[in-house]
Amino acid sequence: HNLAAAVRNVNTTFMLVLQHDFVLARAFDAAGLLQTMRRNAAIKQVRLNVRANIAKGFDGFIANYSGDSSVPLTRTCGWSDAAHVVPTRYYLDFCIPINEADSFGGKRKFMEESMHYRMQRNFMPGGCWELKRNASLGGRPTEWPDDFDKYGTYLYGVASPSDGNYMAHRTLRGRAEPQWGLGNHLAPEEAMRGSSQRRGGRGRGARRGSGRRRGRIGA
């Protein structure tokens with residue numbers, strides 16, 4: 001696994017895991033975040049969200065964090081490999097062993113697949129899937145999983161449609177554009193206009209392409 005191999009060569013206490021096609025879109029208090037993570041070991045992975053900090057996608061259930069922190073944080077019951085700050089030991093001692101224990105020694109699994117779905121426990125009690133389901137039904141207990149602190153997943157910023165959007169997707173042509181399925185989180189009105197223009201020449205009965213869709217689904 002390329003990410004696991006790269007992490008084993010890191011010699012710093014913390015690292016920023018950043019994929020090649022994402023760029024920082026907003027400033028954040030990196031010094032305050034690192035101070036918090038040094039002081040509070042329960043905060044293990046802090047993601048710089050590519051969209052607003054809302055309950056959507058991998059972030060099926062979120063809540064503002066009120067514990068010991070020098071920066072605003074949101075608890076999220078999901079694990080994504082989008083840009084995030086972590087202690088290096090978190091990967092070496094926790095994430096990589098889980099990935100390597102996955103099918104084919106993790107060679108055919110993205111890190112987020114091994115981590116996220118183990119955290120979800122889909123259709124089983126005690127995981128994030130049950131938490132999200134109980135919250136959607138209302139009137140049921142919405143307790144966080146007992147092992148949440150082992151994963152320690154957070155979003156930078158508060159849980160709000162007006163916070164988040166710390167990263168932007170950049171195409172191979174160098175333009176900052178929305179990632180597949182996210183819409184233009186930096187200028188949603190512009191994205192809607194562009195989408196309408198692209199569809200303008202397609203008749204209602206026009207045949208859509210049947211080729212396989214390429215690209216990964218964003219978190």
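**Figure 1. Contacts across the whole chain.** Among contacts with a separation of 6 or more, 71% join residues 24 or more positions apart. The model shown here is predicted. Its chain holds 7 helices and 8 strands, and 42% of its 219 residues are buried.

**Figure 2. The salt bridge between Asp-163 and Arg-26.** Welcome to one of the 6 salt bridges found in the whole structure. Here the closest N and O atoms of Asp-163 and Arg-26 are 3.2 Å apart. Asp-163 sits in the loop between β7 (153-156) and β8 (167-169), while Arg-26 belongs to the loop between β2 (22-24) and α2 (30-39), so this pair ties together parts 137 residues apart in sequence. Asp-163 is buried, at 10% relative accessible area, whereas Arg-26 is partly exposed at 34%.

**Figure 3. The salt bridge between Asp-93 and Arg-89 in helix α3.** These two side chains meet at 2.6 Å, N to O. Both residues lie in helix α3 (residues 88-100), and because they are 4 residues apart, about one helical turn separates them. Arg-89 counts as exposed, with 51% relative accessibility.

**Figure 4. The salt bridge between Asp-147 and Arg-121.** In this view, the N to O distance is 2.6 Å. Look for Asp-147 in the loop between α5 (128-137) and α6 (148-151), and for Arg-121 in the loop between α4 (111-120) and α5; the pair therefore ties together parts 26 residues apart in sequence. Asp-147 is buried, with a relative accessible area of 16%, and Arg-121 is partly exposed at 29%.

Terms used
Residues are numbered from 1 along each chain as its sequence is written. This is a predicted model: local features need pLDDT of at least 70, side-chain atom pairs count only at pLDDT 80 or more; totals for chains, interfaces and linings use all residues. Side-chain values use heavy atoms; hydrogens and water are left out. Helices (H or I, at least four residues) and strands (E, at least two) are DSSP runs, numbered from the N terminus. Buried means under 20% relative accessible area, exposed over 50%, partly exposed in between (1.4 Å probe, protein chains only). Contact means heavy atoms within 4.5 Å. A salt bridge is a side-chain nitrogen of Lys or Arg within 4 Å of a carboxyl oxygen of Asp or Glu.
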